[in-house]
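Trainee: I have a new model open. Please walk me through how to read it.

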Amino acid sequence: MTGSGSTRPERRPERLPEPLAARVAAWLAADPDPQDRAELTRLAAAGDVQAVSERFAGPLTFGTAGLRGPLRAGPAGMNTAVVRRTTAGLAVWLRRSTPRPVVVIGYDARRRSDRFALDAARVLTGAGARALLLPAPTPTPVVAFAVRHLDADAGIVITASHNPAADNGYKVYLGGRGEDAGRGAQLVTPADGEIEQAIATVGAAADIPLSDGWERLDRSLVDAYVDEAVRAVDGLPDLLSGGPPDLLPGAQVGGGPLLVAYTPLHGVGAAVLEAVFARAGLAAPVTVPEQREPDPAFPTAPFPNPEEPGVLDAVLALGRRIGADLVLANDPDADRCAAAVGGQVLTGDEVGLLLADHVLRRRPGPVATTVVSSAALAALARLYGVPCTETLTGFKWIMRAHPRLAFGYEEALGYAVAPDLVRDKDGLTAALALARAAQHAKRSGRTLLDVLDDLHRRVGVHATGQVSARFADLAAIGAAMRGLRAAPPPRLGGRAVTAVRDLLGGTDGLPPADVLILQLDGAARVVARPSGTEPKLKVYLQAVVGPAEVAAAGLAAARERARTELAVLRTAVSDLLDLPPG
């Protein structure tokens, strides 16, 4: 036993394994950012093998919505070196087809977003491209709009959307000319793989040529988006030909003006949404004051995803205090939109059904959704006599479903109500369309809940839910998927599994994807897939009570039955996969 006057010998730092130490040394020699170099040097000197290994776990790759990862040094983080090398690779790829590509660059209000955007502009200009940098933190849909509006060859957005404050990301849109479905949409295969290959050939980040010949865009681009967003949602040409007069800007509506409670969740959506509402002749939304201004720390919403429990509490409380007709929330980059009516938070599938009906009543046309979203959209499309396409998860696929797409959505609160304007999900035009739908209902003394009741009577009750689990070890997600593929259950939740669709090899016109679909008796369904943006395994559930059964049993009983069947299915899936709580 050590005496009271003695001291313990200092613990010597553990040495990094030689292969890892060599990779660290090579990265440090090529990293142009002194703060990132200092972070990595400190961790290596301390012998923190785990932290260093995490930073070298592999390069970030283009997932469901671009690169996304923690702000940290090394190839597995978002940092100056990664942004410069990614941009240099993108420039190489673009110049294969265009000698002087035009690239629009936007960014949100997260930590280092402005610096990363400037890095991208300097790299592009140094590579001979024309770089157009937005003047301030801007919603992602505005950048996607700019790619089409300016006929750019590509767009870059520095954002991590709804991820926690520690993350950031890099999203790419492809431009080009013409009216093809992919113009202005997120990149897909094979472009993503080709760009990643080009990135791999880029040398040291510190040696990438930089130039300050980039151009700063002005406020007129945002003003153009606001004008076009209102025009696209309200369909002014149709209205002037005799469309519903209640949709005209400034029209008087029975029951008084629409009252909307709103939050941008410390993101960049408030100013543009307020401008859209003003241009549309709507009363300004009442915004949660402590969440209105951009704040990269997200002090009241550590996980600023409107789908997360508790994230909407503040705006729901505001809605109750002011007696709001509609409660709206955007995620931090304003590409998603959540809604509540009468204190009831609507699911993404319910909002999707409401918006689809609102759009199709005015502009019938092809619609699209994903393999994990509700089948209610397909049922509604059949009633309208329009095609409905099922795609892989992600708006990069939805927007390519049809060149004349009228509407697209995914259950994760993403909606495209004006696909010709923004070839991606857009939480701002979705908010305006929801406000218009609520305004139209209020004129008749109704709410969107009444409209939803009508829709459920027409297409049936599609109860949807999710079982998800977050994993520290990504290998465990792969193991769970392999186990489910190797031995899919013959029954689940008391229902026979009638069909198994494995999308791993590509099927039914869909590209290969790590998705397994179990079709059950009675139109019930289970879809399992790893998340493309978070270390999660997600399992999507659906239970259906058809319109004939709704008519026979009544809407309340049909909903209760669907909820019960969904709960049974959730328990069965959790037991099957032995998932920890999500």
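**Reading the model**

Mentor: Start with charge. The mean positions of the 62 positive and 64 negative charges of the protein lie 1 Å apart. Lys and Arg count as positive, Asp and Glu as negative; His and the chain ends are not counted. Each charge is placed at NZ of Lys, CZ of Arg, CG of Asp or CD of Glu.

Trainee: What are the ground rules?

Mentor: This is a predicted model: local features need pLDDT of at least 70, side-chain atom pairs count only at pLDDT 80 or more, and totals for chains, interfaces and linings use all residues. Residues are numbered from 1 along each chain as its sequence is written, and side-chain values use heavy atoms, with hydrogens and water left out.

Trainee: How many helices and strands does the protein have?

Mentor: Both are DSSP runs, numbered from the N terminus: helices are H or I, at least four residues; strands are E, at least two. Here there are 20 helices and 22 strands. The radius of gyration is 25 Å, close to the 25 Å that the globule rule gives for 582 residues, so the protein is as compact as a globular protein of that length. The radius is taken over C-alpha atoms; the rule is 2.2 Å times the number of residues to the power 0.38.

Trainee: What share of the residues is buried?

Mentor: Buried means under 20% relative accessible area (1.4 Å probe, protein chains only). In the protein, 56% of the 582 residues are buried. In strand S17 (residues 461-470), seven of ten are.

Trainee: Which strand pairs with S17?

Mentor: Pairing needs at least two DSSP bridges between two strands. S17 pairs with strand S22 (residues 536-545), antiparallel, over ten bridges. His-462 stands opposite Val-544 in S22.

Notes:
Buried means under 20% relative accessible area, exposed over 50%, partly exposed in between (1.4 Å probe, protein chains only).
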